[in-house]
Amino acid sequence: MTSDPIMFDGLGFFLYRSTACDGLNVGDLEDILKAARQRNDAAGLTGCLHHEDGLFFQWLEGPQYQLQHVIQSILRDTRHRDISVLGEGSLAQRRFQDWRMRFSDREHGSLMDWFASSSASTVDPSDYAGGVVAFLQSVAV
Ligand SMILES: Cc1cc2nc3c(=O)[nH]c(=O)nc-3n(C[C@H](O)[C@H](O)[C@H](O)COP(=O)(O)O)c2cc1C
């Protein structure tokens, strides 16, 4: 993962963790995904969203201008809180190019279990963001 200063051309990425609002249900999640996929499609953005134990982990990538615009919408969305940015910057190549927004939850894979497993042994323990990305890329949906 590169973390150059953000330039407003080329591809960029944004990785964060947030807490889903209390009472967020399956219907709310479907609404989020439907709107996200429509907008990402129009903006040329791709990525993935993982939901586990009331937490969201999202990787979003695409043209910097459009990316920054959608990030602002995500940051002000009241359906989640305690947003912690794990990484952002420029990107040479997309990681989720076939996905307008792939979705996964515990049924597909568990980040907590993955960190505890041998798959994580190649990840630097101090590189939490790198571990999250490696996990997201390992999930089979
Ligand atoms: C966890 C989460 C992930 C989201 N991901 C995306 C996304 O990938 N793309 C997107 O356009 N909107 C996404 N949204 C929805 C936006 O936050 C926002 O509701 C939507 O883009 C409408 O934007 P507006 O506030 O400018 O009307 C997400 C919302 C949440 C809570």
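Predicted model: local features only at pLDDT ≥ 70, side-chain atom pairs only at ≥ 80, totals over all residues.
**Ligand contacts**

I started with Arg-39: one of its polar side-chain atoms lies 2.5 Å from an oxygen atom of the ligand. I'm calling that a polar contact, meaning a pair of N or O atoms within 3.5 Å; within protein, one must be able to donate a hydrogen and the other to accept it, and residues adjacent in sequence count only if both atoms are side-chain atoms.

Residues are numbered from 1 along each chain as its sequence is written, and side-chain values use heavy atoms, with hydrogens and water left out.

Next I looked up Asp-77, where a polar side-chain atom is 2.7 Å from a ligand oxygen. For Asn-40, an N or O atom in the side chain is 2.8 Å from a nitrogen atom of the ligand. How much of the ligand does the protein bury? Taken alone the ligand exposes 620 Å², and 81% of that is buried by the protein. These areas come from the Shrake-Rupley method with a 1.4 Å probe; for residues, only the protein chains shown count as cover.

**The shell**

I found 16 residues around the ligand, each with a heavy atom within 4 Å of it. Arg-39, Asn-40, Gln-58, Ser-73 and Asp-77 are the closest. Which helix gives the largest share of the shell? That is α1, with four residues. At least two shell residues each come from α1 (26-43), β3 (55-63) and α2 (64-75). Helices (H or I, at least four residues) and strands (E, at least two) are DSSP runs, numbered from the N terminus.

By type, I have eight nonpolar, four polar and four charged residues in the shell. Here Ala, Val, Leu, Ile, Met, Phe, Trp, Tyr, Cys and Pro count as nonpolar, Asp, Glu, Lys and Arg as charged, and the others, Gly among them, as polar.

Asp-53 has a positive phi, near 50°, and isn't a glycine. Most residues other than glycine have a negative phi, so I made a note of this one. I found Asp-53 in the loop between β2 (46-52) and β3. Is Asp-53 buried or exposed? It counts as exposed because its relative accessibility is 54%; the cut-offs are under 20% relative accessible area for buried, over 50% for exposed, and partly exposed in between (1.4 Å probe, protein chains only).

Asp-82 also has a positive phi near 50°, and this residue lies in strand β4 (residues 80-91).

**Other residues I checked**

Leu-11 is in strand β1 (residues 11-20) and is partly exposed, at 21%. Leu-11 and Gln-64 are 53 residues apart in sequence, yet their C-alpha atoms are 5.6 Å apart in space.

Gly-44 sits in the loop between α1 and β2. With a relative accessible area of 18%, Gly-44 is buried. From Gly-44 to Gln-66 I count 22 residues in sequence and 7.8 Å in space, C-alpha to C-alpha.

Val-139 is in the segment after α4 (128-138). Val-139 counts as buried because its relative accessibility is 8%.
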